[in-house]
Amino acid sequence: NNKTTEGLFSIISPRLDAIEEVTVSTATAGADAAGQGAVQIKFVTRSGTNKFQGSAYYFDRNPDWNSNYWFNNRDKTPDPVTGKAPKDQVFLKEPGFRVGGPVIKDKAFFFFNYEEFRQPGSVTRQRVILTPAAMAGNFTYAGKTVNLLQLGAANGQTSVLDPSIAKTNSDITSAVNGQNLTALTDPNELQYTLTNQTNNNRYYPTFRGDYNISQNNRVSFSMNYQKYYSTPDSLNSEDPSFPGFPIQGSQDSIRKTWAVSLRSTLSSNLVNEVHGGYTNSFVTFFPEITAGAYTSASLANTGPFRVSYSGVGSTLNGFGTALSNPQPGLNTQGRENPTISIDDTLNWLKGTHSISMGGSFTHIGLHSYSQNVVPTVTPGIPTGDPALGMFTTANFPGASTNNLLEAQNMYALLTGHILNL
């Protein structure tokens, strides 16, 4: 079977009940494998016989049968009824079956295997947000509090909250709803623990057909068609930043491979086998993340921009922990790597000796795209802005350099000052 891949991960995941034989070679590859890498793993798909055979199965995993994770017990608010922290809802359901047999006795045979992988589940995330007092403009440090909006008014600078940021912070407060919050060392920040529900479905049909053209010639065809769908894509952290927030992304891929071979017995000591195969995996990442999704978002609507909470003021911003972004991402992308392989091997037996010779041709393609659907706005106070003159120890008695930097960047975020776009 043709299973050539790009080496990063397996494009096709062979299913256990569809495999007849596995061969692993680490050195001295034969003529049938030259040019395909030093280490090779080959899978042979089951074939049908003159006897009908089959099997069926169903595997199930359920959180009711498992203990809770230690981190959930530490970070989550206990259920008022049970007194225990809620569990991650990890389920796994795997139904499948296989069947094979003759189409024409001694002449044509088929084999079919089907398996599904259904995993509705959950993933626990920690987000860092401003405290309600900080969202209102109150900066706390070393036991003292300064209202940044009043400071701005006193110095002839912006003294009102940016409406887009104020609405986004209000949406965050409503989504959090005072639950699962932990105080951090920075008095202006809180850690919020949430659980996002996920859904991962995979479908694995496999087919093989064999036909004896004559006593000395046999042609075989096999195909794997595998569909993966994960929403939201928690593997790439594209699940919602906060409960109910609409910006999220999925991952969807169709992975297929087919192989055809002709085995010919040319004489009592001469056998030729030619193979042809094709593999491709078209993967789309986060197609739901579009400019329209940003501008029409019911919550955390920052218009045709993504406001970088985590990068406010650049990477050195004074916050104890980087703030979490209201949207998980702004990028959509896709890729595929079509691979074609053709090889031919001739085996000759001469007395006690065996000679193999052959050749192969492989074509590997890579097509990809990546696009940021909206520009990123980084809040901050640029050099030369008169607002920078407010952030001194005269206005923040006893403040450290880091305190002043944090106050400056918190003011920039809340009032909509832009460092770069």
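Biologist: In what order do the three strands of the open sheet stand, and what is their pairing?
Modeller: In this predicted model, the order is β13-β18-β19, and the pairing is mixed.

Biologist: What makes β13 and β19 edge strands?
Modeller: Each of them, β13 (306–307) and β19 (418–420), has a single partner strand, so one side of each is left without a neighbour in the sheet.

Biologist: How do you know that β18 and β19 pair, and in which sense?
Modeller: A pair needs at least two bridges. Strand β18 (residues 376–379) and β19 have two bridges, in the antiparallel sense, so they count as a pair under that cut-off. Within this pairing, Thr378 stands opposite Asn420 in β19.

Biologist: What makes β6 and β7 a pair?
Modeller: Strand β6 (residues 138–141) and strand β7 (residues 144–147) are joined by four bridges in the antiparallel sense. Tyr141 stands opposite Lys144 in β7. Two residues lie between the strands of this hairpin, and Ala142 takes a positive phi near 45° there.

Biologist: Why is the chain called more spread out than a compact globule?
Modeller: The chain has six helices and 19 strands. Its radius of gyration is 30 Å, while the globule rule gives 22 Å for 421 residues; the value is well over the rule, so the chain is more spread out than a compact globule. Along the principal axes, its C-alpha atoms fill a box of roughly 100 × 55 × 40 Å.

Biologist: What share of the chain is buried, and what share of its contacts joins residues 24 or more positions apart?
Modeller: Buried residues make up 43% of the 421 residues. Of the contacts with a separation of 6 or more, 73% are between residues 24 or more positions apart.

Biologist: Why is Ile213 called partly exposed?
Modeller: Buried means under 20% relative accessible area and exposed means over 50%. Ile213 has 46%, so it is partly exposed. Ile213 lies in strand β9.

Biologist: Which residues does Ile213 contact, leaving aside its neighbours within four places in sequence?
Modeller: They are Lys107, Val219 and Leu262. Leu262 is 49 residues from Ile213 along the chain, and their C-alpha atoms are separated by 9.7 Å.

Biologist: Which elements supply at least two residues each to the lining of the second largest pocket?
Modeller: They are β9 (189–214), β10 (217–231), β11 (251–267) and β12 (270–285). β11 gives the most, with four residues. The volume of this pocket is about 330 Å³. Its lining has 16 residues, and the closest to its centre are Arg202, Ser230, Leu235, Gln251 and Arg255.

Biologist: What is the make-up of that pocket lining by class?
Modeller: Five residues are nonpolar, six polar and five charged.

Biologist: What lines the second largest cavity, by class and by element?
Modeller: Seven lining residues are nonpolar, two are polar and none is charged. Among them are Val128, Ile129, Leu130, Met135 and Tyr309. β5 (108–130) and α4 (163–176) each supply at least two residues, and β5 gives the most, with three.

How values were computed: Residues numbered from 1 in each chain as written. Predicted model: local features only at pLDDT ≥ 70, side-chain atom pairs only at ≥ 80, totals over all residues. Heavy atoms only, no water. 1 Å grid on protein atoms, 1.4 Å probe; cavity = no way out; pocket = protein on both sides within 12 Å on 5 of 7 lines; lining within 4 Å. Points joined across faces, edges and corners; volume = space filled by probe spheres on them. Nonpolar A, V, L, I, M, F, W, Y, C, P; charged D, E, K, R; others polar. Rg over C-alpha atoms; globule rule 2.2 N^0.38 Å. Buried < 20%, exposed > 50% of the residue type's maximum accessible area, 1.4 Å probe, protein only. Contact = heavy atoms within 4.5 Å.
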